[in-house]
Amino acid sequence: MSESYTRRRVLAALAAVSVLPVAACGGVKGGSDDAGSDYPTRAVNFTVPFAAGGSGDLISRAVAKAAEKPLGQSIVIANKPGANGAVGGKEVLASSPDGYNIALAVKSLFAITPLVVEDPTAIQPDKMEIVTTLVQEDYVLVVNAQSPYQTVEDLVKAPSVKYATAGVGTGGQLSQALLFKGAGTKATDVPFDGGAPAVTALLGKQVDALSGSLAETMEHIKAGKLRPLAIFSTERSEFLPEVPTAKEKGYDVVVDQRRFIIAPVGLPEAVSTKLEQAFAEARKDSAYETFLKDNYMERWEVSDEEARQHLKDSAAQFESLAQKFGLTFKS
Amino acid sequence: MDFGSVLSGFEVVFEPQNILYCLIGVTLGMLVGVLPGLGPAATIAILLPITYNIEPTPAVIMLAGIFYGAQYGGTITSVLLRLPGEASTVVTALDGHQMARQGKAGSALGIAAIGSFIGGTASIVLLTFIAPLVADAALEFGPAEYTVLALIGIFLVATLGNGALIKSVAAAGVGLLLATVGLDPLVGTPRFTFGSDQLADGIDFVIVAMGVFGVGEILYNLEHRLRPQPAVLSFGRAIPRRPEWLQSRMAILRGSIVGFVLGVLPGGGATMSSLVAYAVEKRSAKDPSRFGKGAIEGVAGPESANNAAATSSFIPLLTLGIPANATMAVLFGALLLQGIPPGPQLIVDHPDVFWGVVNSMYLGNIILLLLSIPLIGVFVRLLKVRAGILAPLTVLVTMIGVYSIRNNAFDMFLVVGLGILGYGMKKLGFEPGPFVLAFVLGKLLEASFRRSMRLFDGDVLGFFQRPVSAVLVAVLVLTIVVIPVLRMVRNRQASLTPAERKS
């Protein structure tokens with residue numbers, strides 16, 4: 001008897017699990033025609049188009065947790081990684097604009113990925129709603145603390161530099177390529193499979209330099225294993241106030257990563273207002289504030305027009321810089 | 001070393017709530033290990049939000065338990081159903097499944113559990129004493145070393161098979177080709193993606209293993225459904241008999257050492273460890289032809305190795321802040337969420353977390369051993385379930401597992417396609433083992449080789465100029481060229497003798 005009971009329970013559990021994806025994709029069409037005035041009546045699906053455990057995943061979970069209360073519904077996170085966020089992003093933008101499907105998006109997908117991959121179906125900044133902007137993350141140029149390079153000048157004067165990046169089409173790659181091209185350094189780019197392996201390579205002195213996010217490098221800087229030389233932002237970072245910007249050093253290279261939340265175009269007015277309010281409230285949450293501090297992220301909180309303009313400007317700027325320096329990422 | 005904090009770590013472990021979370025973690029881990037496709041990385045990701053509300057130490061103890069618990073569980077499907085859920089249990093399926101077919105499933109799982117326990121525990125002891133030392137050594141491994149290591153692995157893969165060598169090599173070759181799907185790792189050119197984002201990041205290992213092994217096996221058995229099947233009459237017993245123990249104890253010892261050493265290497269360490277352990281057993285056996293036909297050392301060695309590797313892969317995370325594999329990356333995130341950044345400072349700033357987690361693994365391994373021995377008796381009954389019921393259920397669970405990796409329906413079609421490929425391979429006598437392992441190592445080999453070339457400015461001699469890679473090259477040449485040539489010479493002499501007698 002107990003055996004059949006268990007079996008039934010297992011089957012029931014399996015059935016429940018297998019139904020989930022169907023419900024998530026179907027996007028049940030709401031019965032009411034009053035354009036979402038009672039929104040939200042059920043849980044909101046938040047697609048994180050990156051693997052669990054990474055910066056994109058963590059910030060999404062932190063902000064989603066804070067937004068649940070003001071939204072009055074739970075927010076369910078699903079990781080859907082692939083192609084620097086294009087897979088999950090496109091899927092959400094193609095879903096029905098009812099406010100139940102939102103996704104995290106990153107600036108690099110709009111500003112840097114086009115330099116690397118030709119994609120006629122790429123997401124355009126005008127073809128999405130920006131629910132809220134979230135954070136800005138700066139890239140810092142670091143060398144192994146045991147290396148002889150004390151300043152950016154030392155590094156760019158080296159006869160040859162091998163620099164690590166977190167991969168093709170990352171801000172770390174672009175910032176270093178622009179820096180070394182601009183300085184006329186003989187430098188070779190060595191892309192790794194993510195930020196952690198790149199940091200590992202620098203710790204093991206396999207490479208000479210690395211440009212990585214503060215989240216990736218800060219613990220090693222604090223431990224005295226890596227030495228920061230410059231930061232690729234317009235102003236010095238609050239987290240590394242003693243580190244000069246590349247600009248101060250005479251290299252006009254500004255590259256950063258920014259994160260925001262998008263939704264399909266055509267959200268009913270009531271829905272987009274509700275979402276915006278909920279996330280505005282979430283950004284004031286104290287646990288969210290602590291999270292940002294712990295992970296060395298700075299707030300980037302602007303209107304959606306400003307955000308859209310920033311994405312377009314950066315894309316244009318990076319493209320012209322790449323052309324000017326003859327940088328070819330595409331092959 | 002500060003033994004005070006090591007000991008106070010035990011105090012942390014024996015707090016009732018920590019014992020409870022350890023128990024929950026390892027049990028959960030064992031269960032997800034058993035479910036094909038559903039891996040520890042996905043499980044930990046799902047549980048991340050829950051850990052928000054738990055204190056850091058118990059949270060990490062639980063999540064760590066899921067990881068090494070899954071290593072115990074993964075063996076069960078490898079042996080019983082020939083469904084390896086992790087790259088590190090692929091080689092276990094080779095001899096383990098044969099043992100199951102011979103009615104020795106109980107022994108296979110029993111020795112795997114004991115080997116896992118010994119491997120895991122030995123690895124924790126080593127971790128306690130030499131973690132910082134080993135961590136620094138791991139940093140010596142750069143792209144050049146990984147290149148040679150992957151190359152050794154690929155040559156070992158070719159010797160795994162039992163059929164014609166040429167078929168193993170062909171299967172491995174196709175595996176290498178499949179590894180090139182996705183954006184080029186160094187310049188980002190799309191390769192074999194057919195213009196689709198879905199394939200941009202390549203194919204996940206679990207999808208390949210589930211398809212070629214699991215779905216392929218099921219399709220193959222479907223065809224044979226109408227023929228009389230060899231009835232599996234007995235399962236053997238879970239506690240190994242004396243001769244079995246004598247046969248496998250050295251394998252367990254060797255596997256534990258191999259596992260500990262290779263597990264420390266970020267990226268591919270655990271897979272390499274089980275593969276190397278298997279090769280070591282096959283080479284050191286008096287009669288290598290038993291391998292692939294149910295040799296117990298072929299289960300004991302790799303299983304001890306992958307558990308030892310699972311434990312030692314915590315070393316780079318806890319001492320350097322470097323996640324060694326996908327699961328460690330999620331654990332990294334979990335620690336960050338708790339406000340505890342993993343890095344060189346962890347052991348200094350949070351000794352209670354560090355030693356609490358490390359010492360909890362002793363307890364976790366004991367729990368797992370106690371859990372798995374009696375459970376083996378339950379699991380082997382799976383073999384009694386009619387194929388008509390077991391096969392569709394297995395496919396269903398596999399599909400859910402595959403979907404859970406990226407929450408992507410495309411991957412479910414992919415697994416079916418790979419299943420058909422696996423079926424065709426089996427039908428034509430190509431083995432899936434070399435194919436799947438070459439696929440894993442192919443990515444590592446290509447990216448590492450090209451990175452090395454960039455670091456060496458295109459000079460291949462660079463491989464001989466770094467001490468560690470030069471030693472590895474020597475090992476490669478020795479195992480691949482010198483030993484086979486010596487063996488060939490010896491065989492020729494052996495075959496000459498009777499001829500000479502005739503004359």
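1. A residue counts as exposed when its relative accessible area is over 50%, and as buried when that area is under 20%. The structure discussed here is a predicted model. F192(B) has a relative accessibility of 52% and therefore counts as exposed. This residue belongs to the loop that runs between β2 (190-191) and α9 (205-223) of chain B. Although F192(B) is not a glycine, its phi is positive, at about 50°.

2. D457(B), which is not a glycine, has a positive phi near 55°. Its place is the loop between α19 (432-455) and α20 (462-465) of chain B. With a relative accessibility of 51%, D457(B) is classed as exposed, because the cut-off is over 50%.

3. Most residues other than glycine have a negative phi, and most peptide bonds are trans. In chain A, the peptide bond leading from Y39(A) to P40(A) is cis, its omega being near -5°. P40(A) is situated in the loop between α1 and β1 (44-48) of chain A.

4. The interface of the two chains deserves attention. In it, 48 residues of chain A are in contact with 49 residues of chain B. The area buried between chain A and chain B is about 3,800 Å², and carbon and sulfur atoms contribute 62% of this. Three salt bridges are found across the interface. D197(B) forms a salt bridge with K90(A), with 2.5 Å between the closest N and O atoms. Among the elements that give two or more residues to the side of chain A touching chain B are α1 (2-26), α3 (86-93) and α11 (286-294) of chain A. By class, that side has 24 nonpolar, eleven polar and 13 charged residues.

5. Helix α7 of chain A comprises 13 residues (171-183); at 1.5 Å a residue it should span 18 Å, and its end C-alpha atoms are 18 Å apart, so the two values agree. The helix is mostly covered, with ten of its 13 residues buried. The buried residues include G171(A), Q173(A), L178(A) and F180(A). Just after α7(A), G184(A) adopts a positive phi of about 75°.

6. S116(B) lies in helix α6 (residues 105-139) of chain B. Its relative accessible area is 1%, so S116(B) is buried. Leaving aside residues up to four places away in sequence, S116(B) touches Y72(B), E303(B), S304(B), N307(B) and N365(B).

Methods: Residues numbered from 1 in each chain as written. Chains lettered and ligands numbered in written order. Predicted model: local features only at pLDDT ≥ 70, side-chain atom pairs only at ≥ 80, totals over all residues. Heavy atoms only, no water. Contact = heavy atoms within 4.5 Å. Buried area = accessible area lost by both parts, 1.4 Å probe. Salt bridge = Lys/Arg side-chain N within 4 Å of Asp/Glu carboxyl O. Helix = DSSP H or I, 4+ residues; strand = E, 2+ residues; numbered from the N terminus. Nonpolar A, V, L, I, M, F, W, Y, C, P; charged D, E, K, R; others polar. Expected span 1.5 Å × (residues − 1). Buried < 20%, exposed > 50% of the residue type's maximum accessible area, 1.4 Å probe, protein only.
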